[in-house]
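Have a look at the chain first, and then we can walk through some of its local features together.

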Amino acid sequence: MENRKVFLNKHNNLLQLEERIYPLVDVDTPNVFRNLFPYDEIPKIAFNDRIVPHNMPDDIWITDTTFRDGQQSRAPFTTKQIVTVYDYLHKLGGPKGIIRQSEFFLYSKKDRDAVYKCLERGYEFPEVTSWIRASKKDFELVKEIGLKETGILVSCSDYHIFYKMKMTRKQAMNHYLSVVRECLETGVAPRCHLEDITRSDIHGFVIPFCLELMKLGEDYGIPVKIRACDTMGYGVNFAGAVIPRSVQGIIYGLRTHGGVPSEMLEWHGHNDFYKAVTNSTTAWIYGASGVNCSLFGIGERTGNTPLEAMVFEYAQLKGTLDGMDTTVITELADYFTEEIGYKIPARTPFVGQNFNVTRAGIHADGLLKNEEIYNIFDTEKFLNRPVLVAVSNTSGLAGIAHWINTYYKLKDERAVDKTHPVVIKVKEWVDKEYEGGRVTVITDNELVRVIDDSCKELNVSILYDTF
């Protein structure tokens, strides 16, 4: 204790005692935290009420894994599709490059062709990076293509070290360090993907491993990045939860004990327990500069952290979009649906067909009076998606009026209200449909036909002169 330095913490202007150094704890048998992860029971969330401070970096950003982790869970993208989506990501990220990087496979000719074409775009952001196997041949491929950084898989839980790799912790660490050293010798910056970190011995393996990685980076003069991978989605963001499940505890440990600077640290989450977004936001708040995402959360099993979600998390935390063009999110959703053939679930936030559509009549009445009552923000401004009302047996006169105003873009004095004769006529038709046994929502085409017929019968035109 007496040999540890006392220094001034410039973040809070308080004197601080140098943190203890954690050596590797080599063990004969794996520690799989059976008390937290009993395989024949639901995993447990335990607490010790150890609280760590908020420490959000000055700069935070998003990195993309749509072309890597996203491609592992679906049919491969074509080269053209990859380049088009990459163009969209560049536009979405804005002039400050909030979407900082995008990672690619390099194994097939198609993948390499896409990398070359994306590099030809000459964009500063997203930077093109790769994900490779830990082999000299793959390192040389990265260097040959001209990439500055690559991801390397370094599994860190005893589940992987003992059961998959059949090694001890010391053997695994030495193996990983030799692989990273080979990468550094080629002049490529390694990004170490700490797989399954939320089931790892943080102080006994992860932190001592990161300390060695940071030393290697200093020795070679090339930064080594750390990606904390919540591979199974076990991370939780509850204050006082125990590690290895505590997201803030992991980030604090990596920064404070492992010596990993915020700008070299990112979080990669999975959504097995519906926590991918909140865990990623927590990683930002407690000291990681980067969060790794895929578009629409596409990824293995339950998927990754949705990139579009973190765009809006960024804006809420920073109070600004910093130039990000969020209307591109709708363009991307349309492209995935129409060109790639990916079906986005209808209730998916921001991009699902029904995300800002209401069916309840009482809600529609509120929307007709002021759309702020039931819309999360100006979705027309930020997503090119005006708030909508789906017409069904529960929509009521207000819902039909709102649908007409939205569909025909009627505003101010041109807008119809629920007393308009056309609205009443349409409501009578809708009631008859459901009285006859209909159970489905009325389609747009049906409504247009009924509105046209009602206008002719009443001799009015809602497009030009309201009744």
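In which strand is the place of leucine 8? Leucine 8 sits in strand E1. Strands (E, at least two residues) and helices (H or I, at least four) are DSSP runs, numbered from the N terminus.

Before going further, please keep in mind that this is a predicted model, where local features need pLDDT of at least 70 and side-chain atom pairs count only at pLDDT 80 or more, while totals for chains, interfaces and linings use all residues. Residues are numbered from 1 along each chain as its sequence is written, and side-chain values use heavy atoms, without hydrogens or water.

**A nonpolar patch**

Leucine 8 counts as partly exposed because its relative accessibility is 47%; buried means under 20% relative accessible area, exposed over 50%, and partly exposed in between (1.4 Å probe, protein chains only). Together with Val6, Leu15 and Leu17, Leu8 forms a nonpolar patch on the surface, and the four have about 390 Å² of accessible area together. At least two residues of this patch come from each of strand E1 (6–9) and strand E2 (14–17). Accessible areas come from the Shrake-Rupley method with a 1.4 Å probe, and for residues only the protein chains shown count as cover.

**Backbone points to look at**

Most residues other than glycine have a negative phi, and most peptide bonds are trans. Here are some sites that depart from this.

| Site | Feature | Value |
|---|---|---|
| Phenylalanine 125 and proline 126 | cis peptide bond | omega about -5° |
| Isoleucine 243 and proline 244 | cis peptide bond | omega about 15° |
| Aspartate 196 | positive phi | near 65° |
| Aspartate 412 | positive phi | near 55° |

Proline 126 is in the loop between helix H2 (109–120) and strand E5 (127–132), and proline 244 is in the loop between strand E8 (225–230) and helix H7 (247–257).

Aspartate 196 lies between strand E7 (189–194) and helix H6 (202–220), in a loop, and is buried because its relative accessibility is 0%. Aspartate 412 belongs to the loop between helix H13 (396–407) and helix H14 (421–435), and is exposed, with 68% relative accessible area.

Alanine 415 also lies in the loop between H13 and H14. Its relative accessible area of 29% makes alanine 415 partly exposed. Alanine 415 and histidine 402 are 13 residues apart in sequence and, C-alpha to C-alpha, 8.8 Å apart in space.

Technical notes:
Patches are made of residues with over 30% relative accessible area and no salt bridge: like charges are joined within 9 Å, nonpolar side chains (Val, Leu, Ile, Met, Phe, Trp, Tyr) within 5 Å. A salt bridge is a side-chain nitrogen of Lys or Arg within 4 Å of a carboxyl oxygen of Asp or Glu.
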